[in-house]
Amino acid sequence: MSPVKHHAILAIGGAEDKVHGKEILHTFFERSGGTAACIGIIPCASRDPVAISGRYQEIFAEMGAPKTVVMDIRDRAQGEDPTWETIVEPCTGVFITGGDQVRLCGLLADTPLINLVRQRAQLGEITLGGTSAGAAVMGHHMIAGGGSGESPNRSLVDMAIGLGFVPEVIVDQHFHNRNRMARLMSAMAMQPNRLGLGIDEDTCALFESDGSFRVIGKGVIAVVDPSDMTHTNEPDITASDPLSIHGLRLHLLAHGDRFDVNHRKVLTVAKS
């Protein structure tokens with residue numbers, strides 16, 4: 001049996017391929033240990049957790065996962081039950097499904113379960129994947145909701161606290177598919193010490209333990225970097241006034257490109 005590759009954290013923009021190549025889900029499966037994996041599924045963001053977890057259980061079983069466990073948590077008291085820690089302990093991979101990121105954080109933020117998942121993911125002891133809402137919660141700061149299709153302003157984005165798996169990023173998902181660039185730019189004006197990642201559908205940021213991520217999938221990841229921002233009127237305007245932001249940097253990264261989050265630079269350009 002080939003040795004397990006190093007564990008990673010995967011932030012997926014939603015609507016990942018579940019039928020044909022399943023490249024992103026295959027990558028999650030392999031990095032979780034492949035045919036030796038025990039995969040935990042957290043479907044709490046979904047209004048139909050049984051159906052969504054069943055779908056992923058089926059996919060991972062077809063790939064050859066010997067064991068999957070579902071953490072179907074429906075209310076806050078249940079989420080705080082320390083028994084979940086013993087259920088997640090043997091997992092080599094944890095997958096957080098789509099749905100509503102506010103619901104997900106409401107049920108799981110600061111619970112023993114999610115604190116253990118975060119600790120183990122950051123230590124490289126498990127592979128963590130999150131799609132759609134499961135990607136939105138990756139940062140310390142989270143885009144909880146908001147609009148699209150208008151020029152950047154503060155009322156375009158609702159910010160909240162996420163689950164902090166990769167604290168320095170702010171993730172927006174279904175990105176170009178739902179025209180969310182203005183929303184992410186508005187968020188970065190409010191949080192200039194973070195790095196914005198706009199992740200397309202069927203596209204994934206795969207974070208390695210060295211603080212870099214690689215792009216996998218069919219779309220693009222927009223990196224919005226405010227670290228050289230020279231000015232924003234964000235503190236001085238009302239919520240609906242147009243935002244002025246000077247000196248934002250933008251990178252569009254495609255499959256195979258790598259980016260160093262700590263040093264804010266592109267590392268590898270994919271060979272075409």
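Visitor: What makes Glu 208 partly exposed?

Guide: Its relative accessible area is 25%. Buried means under 20%, exposed means over 50%, and partly exposed is what falls in between, with a 1.4 Å probe and protein chains only. So Glu 208, at 25%, counts as partly exposed. Bear in mind that this is a predicted model, where local features need pLDDT of at least 70 and side-chain atom pairs count only at pLDDT 80 or more, while totals for chains, interfaces and linings use all residues. Residues are numbered from 1 along each chain as its sequence is written, and side-chain values use heavy atoms, with hydrogens and water left out.

Visitor: How do you know that Glu 208 forms a salt bridge with Arg 31?

Guide: The rule asks for a side-chain nitrogen of Lys or Arg within 4 Å of a carboxyl oxygen of Asp or Glu. Here the closest N and O atoms are 2.5 Å apart, so the pair qualifies. Glu 208 lies in the loop between strand E10 (203-207) and strand E11 (212-217), and Arg 31 in helix H1 (residues 23-31), so the pair ties together parts that are 177 residues apart in sequence. Helices here are DSSP runs of H or I with at least four residues, strands are runs of E with at least two, and both are numbered from the N terminus.

Visitor: Is Arg 31 buried or exposed?

Guide: Buried: its relative accessibility is 8%. The buried residues of H1 also include Ile 24, Leu 25, Phe 28 and Phe 29. After H1 comes Gly 33, with a positive phi near 120 degrees.

Visitor: How many salt bridges does the rule give?

Guide: The count comes to 11. One of the pairs is Glu 125 with Arg 120, at 3.3 Å from N to O. Glu 125 is partly exposed at 38%, whereas Arg 120 is buried at 12%. There is also a network of salt bridges linking Asp 172, Arg 180 and Arg 183.

Visitor: What makes a set of residues a nonpolar core?

Guide: The members are buried Ala, Val, Leu, Ile, Met, Phe, Trp, Tyr and Cys residues, joined through side-chain atoms within 4.5 Å. The largest such core has 48 residues, and those with the most contacts inside it are Phe 165, Leu 197, Phe 207 and Phe 213. Helix H6 (residues 112-122) gives the most to this core, with 5 residues. Another core, of 19 residues, lies apart from it, with Ile 39, Tyr 56, Cys 204 and Leu 206 among them.

Visitor: How do you know that strand E9 and strand E12 pair?

Guide: Two strands pair if DSSP finds at least two bridges between them. E9 (residues 195-199) and E12 (residues 221-225) have 4 bridges, in the antiparallel sense, so they pass. Gly 196, for instance, has Val 224 in E12 as its bridge partner.
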